[in-house]
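Please have the sequence and the 3D view open side by side.

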Amino acid sequence: MDVDPYLAGLVLAGRRVVVVGGGTVAQRRIAGLLTAGADVLVVAPDVTPAVEGMATARELTWEARPYRDGDLDGAWYVVSCTDSTEVNAAVAAEAERRRVFCVRADDATGGTAVTPAVGHHDGITVGVLAGRRPRRSAAVRTALVEALATGLVDDTAEPVTPGVALVGGGPGDPELITVRGRRLLTRADVVVTDRLGPRDLLDHLDPHVEVVDASKIPYGRAMNQARINELLIEHARAGKFVVRLKGGDPYVFGRGFEEALACAEAGVPVTVVPGVTSAFAAPAVADVPVSHRGVAHEIVVVSGHVAPDDPRSLVDWPALGRLRGTVVLLMAVERIGAFATALIDGGRPADTPVAVVQDGTMRIQRSVRATLATVADVVREEGINPPAVVVVGPVAGLAERVTGTPAR
């Protein structure tokens, strides 16, 4: 008689789990077992490089030999995933004699346990069984976890503790915010945002959420940083959960640490959620790798908010000129000619490739390619405006292999 399995959560921390087989199926199962704290023994003549790496790191024990009767001694749980039906059957038979639950990867009906499709979200574990239809169970699992992560399903049983979360929203595309960042955004009472954050996500906020525009327009309107700090503290002290939604990563030229310090000094709890920095993401979506084997062994990210000859500049431009790798310039469009000259004066060849990506990952993204000698003219002629990321170095010339468009 075909009956539904009883779904239960096993506490495997510190308990022996035997995995017979060392292929990709074993590799997938082992990851979850290690996360559960199990004492994993792998029995297999050969294993994948990842499983071997786990054994080398002493995350598990690997006995490099075939299975033999008696290997399940002391086991609480067994996973048999060899490519031999006979071996898997023998493992299941021993498990039956020892009254140890056993999963057979090749035949779900031949074991005494089945593995659900499992997902995790903020302390919640979702397990789905779909009557031996793994693709269906995986699809439902994924949909449930995504619904939790995006706030479509509200898992908040209690009010969120007042405080501030500095959330890196990524380069602009709303799909590039982290899962944790998206989750915290759905719980916010107040969102203090700027124009570089993923603005499309604001439309999905609940009606009661207060949105504060703290945008800084380059060489134009801007909210004073001190006022931003005050707003974060004022709202948190009023019992609100505040999300400071920032573009890129809060700590990569985002003044996030200034906000964290202000909150800490005011006794306001702060959570920092890293984000995908535009310094690397914008070039990537424009087919410009900031590193490439045999081409660049260093990547330097430089703020261009002050000119090379400005007394406030902390950048060693002559040193950058002597480097042969990649220089990524942020906030550099307005002074791109001065930066190009400084690099050339420091020793960079004038024909060094340069790529400029405006509004990277956004619908209005566009990019141009030039050289250090021509980039200032190209940026002006093409009307490139902030926000834009400038990549200098041999990697900026590699895009031609993909796009076929030569630099100007």
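Ser137 sits in helix α4, which runs over residues 134–150. Helices (DSSP runs of H or I, at least four residues) and strands (DSSP runs of E, at least two) are numbered from the N terminus. With a relative accessibility of 7%, Ser137 counts as buried. Apart from neighbours within four places in sequence, Ser137 is in contact with Ala117, Val128, Leu129 and Ala130. Contact means heavy atoms within 4.5 Å.

This is a predicted model, in which local features need pLDDT of at least 70 and side-chain atom pairs count only at pLDDT 80 or more, while totals for chains, interfaces and linings use all residues. Residues are numbered from 1 along each chain as its sequence is written, and side-chain values use heavy atoms, with hydrogens and water left out.

Helix α5 covers residues 179–186, and its buried residues are Gly181, Arg183, Leu184 and Leu185. These buried residues pack against α4 and also against β6 (117–121), β8 (163–168), β9, β11 and β12 (270–273).

Which residues does the UniProt annotation "active site" cover? The record, an unreviewed entry, names Asp194 and Lys216. UniProt positions are given in the numbering used here, feature names are shortened, and annotations may be inferred rather than shown by experiment. To find Asp194, look in the loop between β9 (190–193) and β10 (210–213). Asp194 has a relative accessibility of 16%, so this residue counts as buried. Leaving aside neighbours within four places in sequence, its contacts are Ala214, Ser215, Arg244, Leu245, Lys246 and Gly247. The side chain of Asp194 also reaches the backbone nitrogen of Gly197 at 3.1 Å.

Next come the charged pairs. Side chains of opposite charge can pair when their charged atoms come close. A salt bridge is a side-chain nitrogen of Lys or Arg within 4 Å of a carboxyl oxygen of Asp or Glu. By this rule the model has 16 salt bridges.

One of them joins Lys246 and Glu259, with the closest N and O atoms 3.3 Å apart. Lys246 is in strand β11 (residues 241–246) and Glu259 in helix α7 (residues 256–265), so this pair links distant parts of the chain, 13 residues apart. Are these two residues buried or exposed? Lys246 counts as buried because its relative accessibility is 3%, and Glu259 counts as buried at 0%. Salt bridges with shared partners join Asp194, Arg244, Lys246 and Glu259 into one network.

Another salt bridge connects Arg16 with Asp39, where the closest N and O atoms are 3.3 Å apart. Arg16 belongs to strand β1 (residues 16–20) and Asp39 to strand β2 (residues 39–43), so the pair ties together parts that are 23 residues apart in sequence. Arg16 is partly exposed at 26% relative accessibility, and Asp39 is partly exposed at 32%.

Asp73 and Arg98 also meet in a salt bridge, at 3.6 Å from N to O. Asp73 lies in the loop between β3 (61–63) and β4 (77–80), and Arg98 lies in helix α3 (residues 85–98), 25 residues apart. Asp73 counts as exposed because its relative accessibility is 55%, whereas Arg98 is partly exposed at 36%.

Now take the chain as a whole. The protein is divided into domain 1 (16–115), domain 2 (163–273) and domain 3 (279–401), with bounds that come from an automatic or database domain assignment. The C-alpha centres of domain 2 and domain 3 are 28 Å apart. Their contact takes 11 residues from domain 2 and 14 residues from domain 3. Between them the two domains bury about 1000 Å², 65% of it on carbon and sulfur atoms. Buried area is the accessible area (1.4 Å probe) that two parts lose on being put together, summed over both. How many salt bridges are there between domain 2 and domain 3? The count is 1.

Finally, turn to Gly321, in helix α9 (residues 317–322). Gly321 counts as buried, at 2% relative accessibility. Not counting residues up to four places away in sequence, Gly321 touches Leu343, Gly346, Gly347 and Arg348.

Technical notes:
Buried means under 20% relative accessible area, exposed over 50%, partly exposed in between (1.4 Å probe, protein chains only). A polar contact is a pair of N or O atoms within 3.5 Å; within protein, one must be able to donate a hydrogen and the other to accept it, and residues adjacent in sequence count only if both atoms are side-chain atoms.
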